[in-house]
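Here is a friendly walk through one chain, meant to be read with the model open beside you. Take a look at the sequence and structure below, and then we can start with a single residue.

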Amino acid sequence: MSTSAHTSAATADVIRNGGTVTDRLVEANERYAAGFTDPGMDAKPVLKVAVVACMDARLDLHAALGLELGDCHTIRNAGGVVTDDVIRSLTISQRALKTRSVVLIHHTGCGLESLTEDFRHELEMEVGQRPAWAVEAFRDVEQDVRQSMQRVRTSPFLLHTDDVRGFVFDVTTGLLREIDPS
């Protein structure tokens, strides 16, 4: 696994040579594709699980959960919050691609803990248009996991709501702590 220092050095080299971060990613993809072999997998996750997690760059979900390519659907957004779009993705995951379990992962030190809905109002003042979405900021990560579990369990669109579990990932230890839904 590359470290941030390694990635930053590689990115700095590309930028010094007149490229961008995206150019670095495209170059990395070319190297990847050169050795790529079609794994011949189906789009249906082998473990029939969908993982909803925060987009935080410190969360390496596959490594932290012992997952391999093709094991799960991964749905990520700011905070790992269950929004309408997450319900949309979970509905497609369950109804079209046969997943049955949902794992929700929030984490310690989340950026949404330091924001409020004022962020949305400030954005409106800056750009002249109110965002259609809510920030979904929170102060209590455990309570937000409970709220997200409740949103999944009560969605009329989801077929399988009996195996929904929520966790907080500790970014300093790498451990998951399960949250009691009640």
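## Starting at Ser101

Let's begin with Ser101, which sits in strand 3. Helices here are DSSP runs of H or I with at least four residues, strands are runs of E with at least two, and both are numbered from the N terminus. Is Ser101 buried or exposed? Ser101 is buried, because its relative accessible area is 16% and the class "buried" means under 20%, with exposed being over 50% and partly exposed in between (1.4 Å probe, protein chains only).

Which residues does Ser101 touch, once neighbours within four places in sequence are set aside? They are Lys48, Val49, Ala50 and Asp163, where contact means heavy atoms within 4.5 Å.

## What kind of model this is

This is a predicted model, in which local features need pLDDT of at least 70 and side-chain atom pairs count only at pLDDT 80 or more, while totals for chains, interfaces and linings use all residues. Residues are numbered from 1 along each chain as its sequence is written, and side-chain values use heavy atoms, with hydrogens and water left out.

## The whole chain

Stepping back, the chain has six helices and five strands, arranged along the sequence as α-α-β-α-β-α-β-α-α-β-β. The C-alpha trace spans about 55 × 50 × 35 Å along its principal axes. Of the 182 residues in the chain, 34% are buried. If you take the contacts between residues at least 6 apart in sequence, 61% of them join residues at least 24 apart.

The accessible surface comes to about 11200 Å², and carbon and sulfur atoms account for 54% of it; these areas come from the Shrake-Rupley method with a 1.4 Å probe, and for residues only the protein chains shown count as cover. The chain carries 19 positive and 27 negative charges, whose mean positions are 5 Å apart. In that count Lys and Arg are positive and Asp and Glu negative, with His and the chain ends not counted, and each charge is placed at NZ of Lys, CZ of Arg, CG of Asp or CD of Glu.

## Salt bridges

Side chains of opposite charge can pair when their charged atoms come close. A salt bridge here is a side-chain nitrogen of Lys or Arg within 4 Å of a carboxyl oxygen of Asp or Glu, and by this rule the count comes to eight. One of them joins Arg58 and Asp56, at 2.7 Å from N to O. In this pair Arg58 is partly exposed at 45% relative accessibility, whereas Asp56 is buried at 16%. Another joins Arg88 and Asp85 at 3.3 Å, N to O. These two residues are separated by about one helical turn because they are three residues apart in helix 4. Arg88 is partly exposed at 48%, and Asp85 is partly exposed at 45%.

Arg177 and Glu142 also meet in a salt bridge, at 2.3 Å from N to O. This pair links distant parts of the chain, with Arg177 in strand 5 (residues 176-179) and Glu142 in helix 6 (residues 141-153), 35 residues apart. Salt bridges that share partners join Glu142, Arg146 and Arg177 into one network.

## Lys98 and the positive patch

On the surface, Lys44, Lys48, Lys98 and Arg100 gather in a patch of positive charge. Patches are made of residues with over 30% relative accessible area and no salt bridge; like charges are joined within 9 Å, and nonpolar side chains (Val, Leu, Ile, Met, Phe, Trp, Tyr) within 5 Å. Where is Lys98 found? Lys98 is in the loop between helix 4 (84-95) and strand 3 (101-107), and is partly exposed at 43%.

The backbone is worth a glance too: phi of Lys98 is near 65°, a positive value in a residue other than glycine. Glu136 also has a phi near 65°, and lies in the loop between helix 5 (118-127) and helix 6.

## Leu67 in its loop

Our last stop is Leu67, in the loop between helix 3 (61-65) and strand 2 (72-77). Leu67 is buried, with a relative accessible area of 12%. Not counting residues up to four places away in sequence, Leu67 touches Leu47, Leu61, His62 and Cys72. Leu47 is 20 residues from Leu67 along the chain, and their C-alpha atoms are separated by 9.3 Å.
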